[in-house]
Amino acid sequence: RFLLEHRHRELILHEAVDGVDAVEKARETNPDLILLDLAMPRLNGMEAASVLKNTLPGTPIILFMMFTDLHADSVCTCIGVDFISKVDGVSKLLQRVDALLPNEQTAPS
């Protein structure tokens with residue numbers, strides 16, 4: 001959250017306490033982008049992403065997880081969400097966020 005707030009000051013960011021809360025907040029706010037962690041209580045990131053892709057099909061979703069996992073990458077591709085491993089680093093995550101946000105919200109180079 002800290003990195004996104006400082007990189008994209010115009011964004012309104014919402015945090016969820018778990019996967020169910022993430023789905024509820026996304027339905028209420030219709031966000032430009034959804035960033036999920038795999039390890040969340042009640043609904044994990046993969047489950048929440050699947051629900052959200054059906055609910056908000058035009059909203060890009062990034063699933064950010066601890067490990068590189070080919071199975072997870074394949075599932076994310078099937079669901080239609082982006083997969084970024086924390087091993088790849090925050091810079092890759094921020095590059096993908098920049099690419100997925102509407103043009104008026106992307107950070108200057």
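Here is a short chat about a predicted model.

Me: What should I know about the model before I start, and how are residues numbered?
Reply: It's predicted, so to speak: local features need pLDDT of at least 70, side-chain atom pairs count only at pLDDT 80 or more, and totals for chains, interfaces and linings use all residues. Residues are numbered from 1 along each chain as its sequence is written, and side-chain values use heavy atoms, with hydrogens and water left out.

Me: Ok, Thr59. Buried or exposed?
Reply: Thr59 counts as buried because its relative accessibility is 6%; buried means under 20% relative accessible area and exposed over 50%, with partly exposed in between (1.4 Å probe, protein chains only).

Me: Where is Thr59?
Reply: Thr59 is in the loop between helix H3 (45-55) and strand S2 (61-65). Helices (H or I, at least four residues) and strands (E, at least two) are DSSP runs, numbered from the N terminus.

Me: And which residues is Thr59 in contact with?
Reply: Leaving aside neighbours within four places in sequence, Thr59 touches Asn30, Pro31, Asp32, Leu33, Ile34 and Lys53. Contact means heavy atoms within 4.5 Å.

Me: Asn30, then. What's its phi?
Reply: Asn30 has a positive phi of about 45°, though it isn't a glycine. Most residues other than glycine have a negative phi. Asn30 is in the loop between H2 and S1.

Me: New topic: Arg42. Where is that one, and is it buried or exposed?
Reply: Arg42 is in the loop between S1 and H3, and it counts as exposed because its relative accessibility is 60%. Its phi is positive too, near 65°.

Me: And Phe2, buried or exposed?
Reply: Phe2 is in helix H1 (residues 2-7) and counts as exposed, at 57% relative accessibility.
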